[in-house]
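The sequence and the structure are shown first.

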Amino acid sequence: RDLYSSDLALRFERSWSPEQLASIWGPMLAKAPRLGLPAVLGLDSAGEIHGRLEQLLGIEIFEIPTLPPSVPGLRLERTLRRHALLLGCRIVEGAHVIGRIDGRSGGSRVLGVVAETAAGPRAFDADAVLLATGGFLHGGLRASRGGSVVDSVFGLPIRAPADREQWFGDRCLAAHPYDLLGLNVNDRLQPVDRRGEPYYSNVFACGGILGGVDRRAENCRQGIDLATAYAAVGSIAA
């Protein structure tokens, strides 16, 4: 098959040393002040490879993001995973979860979630739950044929036109009202009802499941994801 950018990144770590590359590239660079490369200079050791090449070649090197798979994104994901594991986090991938309500609190709090695993349901207790499940594309929102929309974990209702024909724009690449659907939250990033009251005191939300913005049209998806995740975690820790 064709080589993907991630394949090349692994070769920079396992097969091609900076010394070998510098000996090949150096004579061709002449007096170039800087060198732009596709973002393929490694995955786990990208910083070391980048720095060593700059040192050997004596020029500034910058990377240019390519088509997916995104090597810079993979680097960030791997770095976050390593730090999360070092801090004692448990990572369970690929399991759909259902929220657990704490009946002892009169329904004002949640206990955690139940994951549907290959070995059967598995309960996870949590003092707080952060919904970062995304929108329709990522499974964070679910729509019924009748037009109702809910979040996929706790079934929190999402305000949407009952007539599903009103969810779509006139043209395929135009703005679509369904892009704006999502949870409403307060300034602590807690999902709230029509009166502005939190559904549960220990449930928070961030990223693509939040409503009211067309991320695709405004090119602000990652900014919203990062900013709201930071704010939500701050609210949980407060």
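Three strands make up an open sheet in the order β7-β8-β9, with antiparallel pairing. Its edge strands, each pairing on one side only, are β7 (141-143) and β9 (157-158). Strands here are DSSP runs (E, at least two residues), numbered from the N terminus, and two of them pair if DSSP finds at least two bridges between them. Within this sheet, Leu 141 stands opposite Asp 151 in β8.

The model is predicted: local features need pLDDT of at least 70, side-chain atom pairs count only at pLDDT 80 or more, and totals for chains, interfaces and linings use all residues. Residues are numbered from 1 along each chain as its sequence is written, and side-chain values use heavy atoms, with hydrogens and water left out.

Strand β4 has antiparallel pairing with β3 and with β5. The bridge counts are as follows.

| Pair | Bridges |
|---|---|
| β3 (residues 96-101) and β4 (residues 110-117) | 6 bridges |
| β4 and β5 (residues 120-125) | 6 bridges |
| β7 and β8 (residues 149-151) | 3 bridges |

His 96 stands opposite Glu 116 in β4, while Val 114 has Ala 123 in β5 as its bridge partner. A hairpin is formed by β4 and β5, with 2 residues between them.

The number of disulfides (pairs of cysteine sulfur atoms within 2.5 Å) is 0. For Cys 89, the closest cysteine sulfur is that of Cys 206, 14 Å away and therefore too far for a bond. The sulfur of Cys 220 also has its closest cysteine sulfur in Cys 206, at 14 Å, again too far for a bond. Cys 89 is partly exposed, with a relative accessible area of 41%; this class lies between buried (under 20%) and exposed (over 50%), using a 1.4 Å probe and protein chains only.

Notes:
Helices (H or I, at least four residues) and strands (E, at least two) are DSSP runs, numbered from the N terminus.
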